[in-house]
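Have the sequence and the coordinates open as you read.

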Amino acid sequence: MTIRAVRAGLPALLVVLCLTSEAAAQTDSTPPGPPFDQAAAIADLRKFIAGKEDQPAIDLFNNIQAYKGVTAGRFLRIMELGFTTALGVDCTHCHKPGVWDSDEKPTKQIAREMMAMLNAINNDYLKKIPNLRSTNPQVNCTTCHRGQRRPALELPPAAPSRPPE
């Protein structure tokens, strides 16, 4: 497969994944209850790993399928600052509070699949594009999501151009 063919197929793949993600998010049936306190949940998880922040996350948390090689402290930072900020969501977007290892929510698996897509783009495709000025070009969740649950699929209207002075 040529790079041109891969480039042509990527936008379609991205749209399918994004639309699937949005559909899953819309069908989320979290029962009503007290509002989720993300700061308290993160504080509880930090207490749980206190003194073990440098141990592998896979040794302290159950059902780790991605980021197996990172420490527990870094894993929490990735979840708290990476995903929540990039998608503009809190932990409940992918997790059932208190049952963090549950795969009940489809958004959790979508996130795993999108991480695999990012790894493929970063490791298999971008590095093969000649003439890029970066020696290690990368995309991440923020590249498309920009703090929104649904990725930006359209550009905002262009500002009217001013005539040359």
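In α2, the buried residues (under 20% relative accessible area, with a 1.4 Å probe and protein chains only) are Q38, A41, I42, L45 and I49. Because these residues cover an arc of only 95 degrees around the axis, they lie on the same side of α2; the arc is taken from the directions from the helix axis to the C-beta atoms. This is a predicted model, in which local features need pLDDT of at least 70 and side-chain atom pairs count only at pLDDT 80 or more, while totals for chains, interfaces and linings use all residues. Residues are numbered from 1 along each chain as its sequence is written, and side-chain values use heavy atoms, leaving out hydrogens and water.

Helices here are DSSP runs of H or I with at least four residues, numbered from the N terminus. The buried residues of α2 pack against α3 and α4, with contact meaning heavy atoms within 4.5 Å. On the face turned away from that buried side, you will find A39 and K47, both exposed (over 50%). At the start of α2, a side-chain oxygen of D37 comes to within 3.3 Å of the backbone nitrogen of A39. After the helix comes G51, with a positive phi near 85 degrees.

Now follow the chain to α4, residues 72-87. Its buried residues include F75, L76, I78 and F83, and among the elements that cover them are α2 (38-49) and α5 (106-125). Just after α4, G88 has a positive phi of about 65 degrees.

Technical notes:
Helix = DSSP H or I, 4+ residues; strand = E, 2+ residues; numbered from the N terminus. Expected span 1.5 Å × (residues − 1). Polar contact = N/O pair within 3.5 Å; in protein donor to acceptor, adjacent residues only side chain to side chain.
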